[in-house]
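Dear colleague,

I am passing the structure below on to you, and after it you will find an account of what came out of it. Please read the account with the structure open beside you.

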Amino acid sequence: MIPYGKHDIVADDIAAVVEVLQSDFLTQGPKVPEFEKAICDYTGAAFSVVVNSATSALHIACLALGVGPRDLVWTSPITFVASANCALYCGAEIDFVDVNSETGNMCPIALADKLRNAKHLPKVIIPVHLAGHSCDMQAIGDLAKQYAVSVIEDASHAIGGSYQDQKIGACQHSDICVFSFHPVKIITSAEGGVVTTQQFDLAKRMAQFRSHGIVKDPAVMLRTDEGDWYYEQHELGFNYRMTDLHAALGLSQLNRLDQFVAERNRLAVIYDKQLNGLSLTPVDPLTKSVSARHLYMIRLHQSDQRRRIFDCMRAKGIQVHVHYFPVHLQPYYLDLGFKKGDFVNAESFYQHILTLPLYPSLSDNGQQQVIDELYSYLA
């Protein structure tokens, strides 16, 4: 089987985890703050808060920005469901902004139209960096400022990428950025996620929501005459903490992040060259950006070929995939009132896309097998 994505674990990663297993702390020890500092150093963010999944990260990001009942959050329909579910967890309503038909990312023109005609402005917009390709954050950020809307970048696919010569995660055009460390992502902590921000107050609130809403800072406590054992709950938070075991693995993997991104881009260039001339178009990143290349996606010119190619390649052990079925057409979201035809670019994009295997340890022979199979259907 050639998977569509795969983690890359080496002896240093294993040693880092074993070191924690043999230490005094399996969780709430020194590795979590070490990992957070390393994320800040890499991305240029002032603050980061690691958590047990990117879904948790999206949830506490919304909470920190004050999303609640009667609020509205907008995101992309071409994404994993967590990008939309995070708003519903807060009791808010969700809506979507149609995508650019070539990139699958949130379309700034559609966003401008939707903002101009909105009777109820969103509190937060969540653009999604599909495949690791940055959205047009300059345009989205400018619109968000014009309408006084907050922005959370769902960069679950995009750690290691850059936009306008800054690392994604620096929050140049957003309030908060979210990364995922799921095993198929660029680097992994087995499970986990992180939020980055330049704003102290947001980081403080997210750290509080991560751990039951509990604080131990005497400066903000109601009672200051209790002993060192004392803590106070100031918010209804959650147990979204990352363990030291997971943080140690993430910290070790971070050392090879640039190497992973470079190899993914090298493999993408090979796909670009060898697939040129077939009846397909690669989903490319923006110019003046570097994609983390979580996924290598193509748009088939004839959508009715997708199912046959998918089934045949899967039967031959090549785990092609499709990212993503439009969220607004999921049964749960149909029950909320969304319907086919609401976001035509997203629905059309979905009909044509196919994800090819891409991960750092993909062998030359394995990649050639993927290319040869596509040629057998499309040449």
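Two strands are said to pair if DSSP finds at least two bridges between them, and helices (H or I, at least four residues) and strands (E, at least two) are DSSP runs, numbered from the N terminus. Please keep in mind that this is a predicted model, in which local features need pLDDT of at least 70 and side-chain atom pairs count only at pLDDT 80 or more, while totals for chains, interfaces and linings use all residues. Residues are numbered from 1 along each chain as its sequence is written, and side-chain values use heavy atoms, with hydrogens and water left out.

In strand E13, Val 290 is the bridge partner of Ser 162, and strand E6 (residues 162-163) pairs with E13 in the antiparallel sense over two bridges. These strands belong to an open, antiparallel sheet of three strands in the order E7-E6-E13, whose edge strands, E7 (166-167) and E13 (289-290), each pair on one side only.

Strand E9 (residues 193-197) is largely enclosed by the rest of the structure, because five of its five residues are buried, where buried means under 20% relative accessible area, exposed over 50%, and partly exposed in between (1.4 Å probe, protein chains only). Gly 193, Val 195 and Thr 197 point one way from E9, whereas Val 194 and Thr 196 point the other way. Strand E1 (residues 47-51) runs antiparallel to E9 and pairs with it over five bridges, with Val 50 having Val 194 as its bridge partner. Strand E8 (residues 176-180) is likewise joined to E9 by five bridges in the antiparallel sense, and here Cys 177 stands opposite Thr 196.

A cavity is a set of points, on a 1 Å grid over the protein atoms alone, where a 1.4 Å probe fits but cannot get out, and its lining residues have an atom within 4 Å of a point; grid points are joined across faces, edges and corners, and the volume is the space filled by probe spheres set on the points. The count comes to one cavity of 30 Å³ or more, and the largest cavity has a volume of about 90 Å³. Its lining includes Tyr 163, Gln 166 and Lys 167.

Finally, Val 18 lies in helix H1 (residues 11-21) and counts as partly exposed because its relative accessibility is 32%.

With kind regards

Definitions and conventions: On a 1 Å grid over the protein atoms alone, a cavity is a set of points where a 1.4 Å probe fits but cannot get out, and a pocket is an open set with protein on both sides within 12 Å along at least five of seven lines; lining residues have an atom within 4 Å of a point.
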